[in-house]
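Trainee: Please take me through the aromatic rings of this model in one close look. Start with the chain as a whole, then go to the rings.

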Amino acid sequence: MYSFHWVPADGQRHASLDSRPGGGYPAGMPVSTLCERNLPADNSDLGWLWSTCGDCNAEAHRIAGTRPDTNVFQSTSPGRGR
């Protein structure tokens, strides 16, 4: 669909243009990210719950030709955060 893939690394979800092996990036595999860092992938279940890197998100939206949703990090559940 798009040329980038999401990968948890260094406490955030990052995006990368690196080729992704079947089943995803294995834990510890070095990945070049859209925020111009080289990080080891963290293929843990918890990693997918981390927040998204803002720089990777902006670049992923640029590549996709869409605008980032400025509300993406705000809770939409009633009663939460009050």
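Mentor: Of the 82 residues in the chain, 27% count as buried. Keep in mind that this is a predicted model. The exposed surface comes to about 5,600 Å². Carbon and sulfur atoms supply 49% of that area. The chain holds one helix and four strands. Read from the N terminus, the order is β-β-β-β-α. Among contacts with a separation of 6 or more, 40% join residues 24 or more positions apart.

Now the rings. A pair of aromatic rings is described by the distance of the centres and the angle of the planes. Centres within 6.5 Å make a pair. The count by this rule is two aromatic pairs. Tyr 2 and Phe 4 form a stacked one, with 5.4 Å from centre to centre and 10 degrees between the planes. The pair counts as stacked because its planes are under 30 degrees apart. Phe 4 also pairs with Trp 6, this time edge-to-face. Here the centres are 6.0 Å apart and the planes stand at 85 degrees. That angle is over 60 degrees, so the label is edge-to-face. Through these ring pairs, Tyr 2, Phe 4 and Trp 6 are linked into a cluster.

Next, the cover on each residue. Phe 4 has 11% relative accessibility, so it counts as buried, the cut-off being under 20%. Tyr 2 is partly exposed, because its relative accessible area of 39% lies between 20% and 50%. Trp 6, at 27% relative accessibility, is likewise partly exposed.

Notes: Residues are numbered from 1 along each chain as its sequence is written. This is a predicted model: local features need pLDDT of at least 70, side-chain atom pairs count only at pLDDT 80 or more; totals for chains, interfaces and linings use all residues. Side-chain values use heavy atoms; hydrogens and water are left out. Buried means under 20% relative accessible area, exposed over 50%, partly exposed in between (1.4 Å probe, protein chains only). Helices (H or I, at least four residues) and strands (E, at least two) are DSSP runs, numbered from the N terminus. Contact means heavy atoms within 4.5 Å. Accessible areas come from the Shrake-Rupley method with a 1.4 Å probe; for residues, only the protein chains shown count as cover.
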